[in-house]
Amino acid sequence: MLKIAICDDEKIFLMIIESIIKEFLEDRKIDFKIDCYQKSIVLLEEISWFDIIFLDIDMPEIDGLEIAREIRKRNTKTKIIYVTSYTDYMRCAFEVHAFEYITKPFEARRLIDIMTEALDYLKQEDTEQVKTVTLRTRQGIQSILLQDIYYFEVKNHCVTTHLKDEKLILVNMKLKELAQLLEDDDFIYCHRSYLLNLCCVKRIESKNVVLLNGQRIPISQKKCAELKKRYCQYLSNITI
């Protein structure tokens, strides 16, 4: 199901955007759910898992730029589409990896074109997410979805695969071998003992990486700069 949020303190624009999107998705027989918010603080409590968020910038409680920063801490893949009366914020909007920027008033065609493009990006990302890696494990050869891997850890000369469902898989491969195998798939060393999947990162702190499940793993001083650089590149690549 496609999950969409619309946040605007002007009720008329909430209704207009909802009506256009609803008709567009129903015509294409896409299963969807739309949640509308006039208060940004309410949206803030529920932003983690929306696929697309239409967001006004000038909000009375928490402005749209701050909301976007919180979105990016929790979900790097959400498509943020600003719908606002102001053009002054355009540069700031793209600094938080906005997908598009629409100025009011707008034509329905403009909104439909952007929705079409956003759906194309989401479909492409879904296709990419089915990528797998084949590993030599203690149980034999196994094919594992890349999106299910949080990180690899080497301890006592043994490499363990940590998965999203908290399962552990022991791998008969060296960490260096895995790094070479996955060098084109957003995996990076954050420490000599950890090979990390960037798509599972929630945020980077001074000494730790915080994962989507809240777990922290260490960052070595030598790896910190490169890790931050690669993570910024990753965030840039998942939005336009």
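Is Arg136 buried, partly exposed or exposed?

Analyst: Arg136 counts as partly exposed, because its relative accessibility is 38%, where buried means under 20% relative accessible area, exposed over 50%, and partly exposed in between (1.4 Å probe, protein chains only). This is a predicted model, in which local features need pLDDT of at least 70, side-chain atom pairs count only at pLDDT 80 or more, and totals for chains, interfaces and linings use all residues. Residues are numbered from 1 along each chain as its sequence is written, and side-chain values use heavy atoms, with hydrogens and water left out.

Arg136 takes part in a salt bridge (a side-chain nitrogen of Lys or Arg within 4 Å of a carboxyl oxygen of Asp or Glu). The partner of Arg136 is Glu177, and the closest N and O atoms are 3.2 Å apart. Helices (H or I, at least four residues) and strands (E, at least two) are DSSP runs, numbered from the N terminus. Glu177 is likewise partly exposed, because its relative accessibility is 28%.

By the salt-bridge rule, the count comes to ten. Another of these joins the side chains of Glu205 and Arg216, at 2.9 Å from N to O. Glu205 lies in the loop between strand S13 (201-204) and strand S14 (208-211), while Arg216 lies in strand S15 (residues 216-218), so this pair ties together parts that are eleven residues apart in sequence. Glu205 has a relative accessible area of 22% and is therefore partly exposed; Arg216, at 43%, is also partly exposed.

A further pair lies within one helix. The side chains of Arg109 and Asp113 meet in a salt bridge at 3.1 Å, N to O. Both residues lie in helix H5 (residues 108-128), four residues apart, which is about one turn of the helix. Arg109 is partly exposed because its relative accessibility is 48%, and Asp113 is partly exposed because its relative accessible area is 40%.

Salt bridges also form a network, which links Asp8, Glu10, Asp56 and Lys104.
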